[in-house]
Amino acid sequence: MSVLEIISAIFLLGGAIFCVIGGIGVVRLPDFYTRCHGAGVTDTAGAAGILVGLMFIAQPLVIVKLVTILVFLWLTSAASSHALGKAAFASGLRVDDEPIDWTTGLSAHPPAMSDEELAAEESE
Amino acid sequence: MGSIRDPGFGAGIFRHSAMFAAGMVRSLITTIVLALVWIAWSWHFEPLVVGFGVVAVVLTVALSKRMNILDEEGEPFEINIRLIRYIPWLVIEVLKANFQVAKLILDPEMPISPRLLKVRANQRTTLGQVIHANTITLTPGTISLDLRDNTILVHALSAEAQHQDESGRVDEMISWLESGLPEGHEE
Amino acid sequence: MILFAATFAILVTMALALVRGVAGPTVFDRVLALNVFGTKTVLLIAVTGFLFGRPDFLDLAIVYGLCNFVGTIAVLRFTRAQRDADPKRKSLFDQRRAKR
């Protein structure tokens, strides 16, 4: 095994571990908004680790493609998690400090924007 | 777009020609980048394939020009040089945040404390504010939910993530990044 | 060898995403699972390309990544339209509009 292969293996292993951690987070975290953070881990560190690991064992031309995939993945993951979060927030999915009911995903607690904030906005 | 102030006829002409020159630079940079992408993807140098590439690149640039998307938001070449400092900073921030979130997820008790917070975006341009919001979203542990009135609504996973956003380091960095953009494009 | 391990880890992540997609509970959880699944597919195509010694697969990975992004946004638009059409489920905007 050459040095490059060892470096590549380290990166691949790190990326794989972050992928699985993010997957565990997506299953384990209590409500939708927190699960977005778990998905963020797989999309940023997992993808970066695996693609950078592949770069160390690739031909020069292939490296360009890998870099492009990485840039695309980072740009689109940020955009799509924002779109998801915004759509969920706009459709009234609650954001809570305490964990949410596992069966429904919604809870009976006050909405994200409290009544005081609503009143303040109305008076403006 | 916002206020294009016109102090006088001569200044207007000068301003117009300066904007025209910037537009040409944008078209040129886009053409070069697209040509390099074509070459990297095909890696064939037969006249036919290269001819297809030339047609595709020229058509793309001409159509983008016609659609008016080659402006300072579509191809902000003024900040390209500053990306050299911004991107390593972003990668380091994202890695640090990844370790924090991974620690939270793997903890058996999962000591998360989700919260909403409002982060002030002091950027001058819309592009800068969007970069700020996207930087926050890209960092695991924080997601920007909304952006209006120079304020970003952020959902944070823990107190650590909250302090990271409220410390203003991100804001400073993005303000520095966008300070290369020309004046007169504010919203 | 390490490529096999990476492939396996990606498949495990995809399985976890599927669990979340089936479990729900809201439609946004399912879209999130779809998004994670798609991103992992891109990585899987890239890694298997190297595993079988055919890096040409990377072109497919790029195209898949772009399609996945567009698909997520499209599904989101659809769910929003459907939710707003549901009279029993008032969105936050509707609540605020009603208060004014």
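**Helix pairs in a predicted model**

Modeller: Chain C has a mean pLDDT of 80, and 78% of its residues reach 70 or more; pLDDT is the predictor's confidence in each residue, from 0 to 100. This is a predicted model, where local features need pLDDT of at least 70 and side-chain atom pairs count only at pLDDT 80 or more, while totals for chains, interfaces and linings use all residues. Residues are numbered from 1 along each chain as its sequence is written, chains are lettered from A in the order in which they are written, and side-chain values use heavy atoms, without hydrogens and water.

Colleague: Where in chain C is confidence lowest, and where is it highest?

Modeller: Helix α4 (residues 92-99) of chain C is lowest, at a mean of 53, and helix α1 (residues 2-23) of chain C is highest, at 91. Helices are DSSP runs (H or I, at least four residues), numbered from the N terminus.

Colleague: Why are α2(A) and α2(C) called roughly parallel?

Modeller: Their axes, lines fitted to C-alpha atoms over the stretch in contact, with angles from 0 to 180 degrees between N-to-C directions, cross at roughly 10 degrees and come within 10 Å. Angles under 35 degrees count as roughly parallel, over 145 as roughly antiparallel, 65 to 115 as roughly perpendicular and the rest as oblique, so α2(A) and α2(C) are roughly parallel.

Colleague: What makes α3(A) roughly perpendicular to α4(B)?

Modeller: The axes of α3(A) and α4(B) cross at roughly 95 degrees, so this pair is roughly perpendicular.

Colleague: Which residues of α4(B) does α3(A) meet?

Modeller: Asn134(B), Thr137(B) and Leu138(B), where contact means heavy atoms within 4.5 Å.

Notes. Helices (H or I, at least four residues) and strands (E, at least two) are DSSP runs, numbered from the N terminus.
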